[in-house]
Amino acid sequence: MKEKINLYKEKITSYWRQRSNKQRGMIVGTAITVILLAALGVYLSSRTKMVPLYSDLTLQEVGQVKAELDTRGVDYELQGGGQTIMVPESEAESLLVDLAASGMPDSGKIDYSFFSDNTSWGMTDKEFDVIKVDAMQSELANLISGIAGIQDAEVMINAPEDEIFLTDAKQEASASIVLKVEPGYQVESSKVEALYNLASKSVPNLPKDNIVIMDQNFNYYDINNPNSGEEGTYTYQQKVKKDIERDIQQRVQRMLAMMIGQQKVIATVTADIDFTKENRVENIVEPVDPDSMDGLPVSVERIEETYTGDGASPGGVPGEGEEDVSSYQGEDGSSGEYSMNKETINNEFNRIKKNIEESPYKVRDLGIQVAIDSKKGTDDQGDPLLLSQQEQQTVQDSVQSILNSMITTSINEDYGEVNPADKVSIVFQEFNGEPQFTDEPQGIPLWMYVAGGVLLAVIAVLIWMLARRKNEVEEEEFKEIQQPIPVEVPDIEEKETESTARRKQLERMAKDKPEDFAKLLRTWIAED
């Protein structure tokens with residue numbers, strides 16, 4: 001056994017000595033890598049895989065679940081600042097079912113199922129109102145939390161108390177909502193309006209004006225200002241301004257390009273936008289017939305009185321009346337006539353009430369700058385031919401007439417009459433380059449993608465050739481090491497002596513007569 005061990009040891013030592021330093025390093029590195037991979041495999045196979053049981057829990061809910069897991073003796077880990085509970089993968093599903101059957105995690109919020117589970121005759125009206133408001137808050141928070149991009153929501157509702165006496169005044173509720181928005185998520189204006197509608201329709205007597213919505217970063221979302229929140233007013237106004245300028249510029253560019261040429265004209269637009277927003281109520285009274293300024297007769301009353309007769313004779317004692325002169329004889333009454341015509345007409349006029357909400361922006365002023373290439377071609381010698389003064393004037397008049405109508409229709413009429421000639425600047429200049437205009441911003445040119453692909457292909461081919469060359473060199477070195485170098489050993493001339501002659505005789509005797517050779521050996525051994 002020892003001889004075999006020594007033999008294997010000698011073979012291994014001989015094999016190791018025949019290897020180069022590079023090959024020895026590769027052998028050692030391979031052995032270390034295999035050992036590390038085996039150790040890693042054993043570690044991963046023996047390690048328990050943990051998966052999330054619950055995520056984004058409150059501290060109260062985490063405490064409930066943690067106490068239950070400690071009672072059951074289940075291994076767990078807390079991650080995410082204590083809001084995520086990790087359990088072994090093999091026990092996750094059964095724990096979810098068992099904890100749900102036990103009513104965990106319990107957030108402590110009341111929903112509408114509370115009334116069916118806890119109805120009793122001893123509940124007072126005050127207690128019922130408090131539980132009802134709490135249930136509405138929880139249900140509304142759950143509805144909002146189900147919207148994509150919103151992790152959680154807290155709702156506070158202030159419900160009005162019922163009046164003892166009947167009144168015409170309508171009591172209104174109010175609500176405050178705090179959203180927990182996912183990092184990097186932006187609540188769009190359409191979703192802001194949807195949140196207001198959801199809250200207003202979920203709570204009785206809750207108008208949109210009595211709702212306040214904000215997020216955990218103190219960004220306020222206003223339904224009247226859809227750009228409140230993360231996108232500021234300045235960003236919104238600049239975006240509207242750029243959109244208006246780009247739209248007018250593209251229309252001018254397309255129109256003039258069809259007349260003059262795509263590469264013969266350049267147009268730029270600058271706009272002044274008024275972002276003042278106005279809400280007003282107008283009560284207007286108008287006649288039914290504007291020409292005669294008459295209204296619609298509602299009621300007509302006519303009174304006619306006439307009287308004809310003789311006067312009465314004076315009576316009484318002369319001069320005895322209260323206002324009469326003493327001892328003055330009164331005159332006899334004379335005949336007379338009396339008539340009266342009276343007409344009363346009640347007219348009704350058109351009474352118009354208008355609730356006017358002005359648009360959030362108006363074009364207050366506009367400026368268009370146009371540059372036209374004055375070169376119309378080349379002559380026989382290759383020199384440029386320029387537009388004459390008369391030709392330039394003709395082109396300028398045509399362009400000016402087109403831009404005048406565009407400016408007149410673009411600027412809001414509330415800012416008075418507009419002189420389009422003051423808003424347009426036309427310049428004739430010889431162009432040196434050939435700019436290209438597109439509706440969309442240009443990205444990376446196609447030739448850069450092609451050049452990048454070719455460059456990557458060349459690099460890949462060079463790496464492959466270097467690796468192949470390296471493998472060929474290593475194979476040649478390995479072959480040179482494996483092939484042993486032949487060593488010529490000279491024959492040794494043996495001198496004939498008495499001992500050599502006896503040895504040869506014994507060899508021939510052992511070969512020809514083995515029995516006699518064995519007897520001879522036994523004799524020598526016995527003598528010794």
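This is a predicted model: local features need pLDDT of at least 70, side-chain atom pairs count only at pLDDT 80 or more; totals for chains, interfaces and linings use all residues.
Start with what a record says about the chain. The unreviewed UniProt entry places the feature "transmembrane region" at residues 25–44 and 446–467. Take residues 25–44 in the model. That stretch is 100% helix and 0% strand. Its end C-alpha atoms lie 28 Å apart.

Strands of a sheet pair through backbone hydrogen bonds, either parallel or antiparallel. Here the sheet is open and has three strands, in the order 1-3-2. The pairing is antiparallel. Strand 1 (50–54) and strand 2 (77–79) stand at the edges. Each of these edge strands has a single partner, so one of its sides is left without a neighbour in the sheet. Neighbouring strands are turned by 40° against each other on average, direction ignored.

Look at one pairing within this sheet. Strand 2 and strand 3 (residues 84–88) run antiparallel and are joined over three bridges. Leu78 has its bridge partner in strand 3, namely Ile85.

Helix 3 (residues 59–72) lies across strand 1, strand 2 and strand 3. Helix 3 runs at about 20° to strand 3. Helix 4 (residues 89–101) also packs on the sheet, where it touches strand 1 and strand 3. The direction of helix 4 makes about 10° with that of strand 1.

Charged side chains come next. How many salt bridges does the model contain? The count comes to 12. Glu68, Arg72 and Asp98 are linked in a network of salt bridges.

Lys241 and Glu245 meet through their side chains, at 2.6 Å from N to O. Both residues lie in helix 8 (residues 233–259). They are four residues apart, about one turn of the helix. Are the two partners buried or exposed? Lys241 has 26% relative accessibility, so it counts as partly exposed. Glu245 has 14%, and therefore counts as buried.

Arg364 pairs with Asp274, and their closest N and O atoms are 3.9 Å apart. This pair links distant parts of the chain. Arg364 belongs to strand 13 (residues 362–373), and Asp274 to strand 8 (residues 265–274). The two residues are 90 apart in the chain. Arg364 is partly exposed, with a relative accessible area of 35%. Asp274 is buried, at 14%.

Strand 13 also holds Asp365. Which residue does Asp365 meet in a salt bridge? The partner is Lys423, with the closest N and O atoms 2.9 Å apart. Lys423 lies in the loop between helix 9 (389–410) and strand 16 (424–429). The pair therefore ties together parts that are 58 residues apart in sequence. Asp365 is partly exposed at 28% relative accessibility. Lys423 is partly exposed too, at 23%.

Two residues deserve a look for their backbone. Most residues other than glycine have a negative phi. Asn205 is not a glycine, yet its phi is positive, at about 55°. Where does Asn205 lie? Its place is the loop between helix 7 (189–202) and strand 6 (211–215). Asn205 is partly exposed, with a relative accessible area of 38%. Phe218 is the other example. Its phi is positive as well, at about 65°, although Phe218 is not a glycine. Phe218 also sits in a loop, between strand 6 and strand 7 (220–221). A relative accessible area of 71% makes Phe218 exposed, because the cut-off for that term is over 50%.

Met509 is partly exposed, with a relative accessible area of 25%. Which residues does Met509 touch, not counting those up to four places away in sequence? Its contacts are Pro514, Asp516, Phe517 and Leu520.

Technical notes: Residues are numbered from 1 along each chain as its sequence is written. Side-chain values use heavy atoms; hydrogens and water are left out. Buried means under 20% relative accessible area, exposed over 50%, partly exposed in between (1.4 Å probe, protein chains only). Two strands pair if DSSP finds at least two bridges between them. Axes are lines fitted to C-alpha atoms, for helices over the stretch in contact, and angles run from 0 to 180 degrees between N-to-C directions. Contact means heavy atoms within 4.5 Å. A salt bridge is a side-chain nitrogen of Lys or Arg within 4 Å of a carboxyl oxygen of Asp or Glu. UniProt positions are given in the numbering used here, feature names are shortened, and annotations may be inferred rather than shown by experiment.
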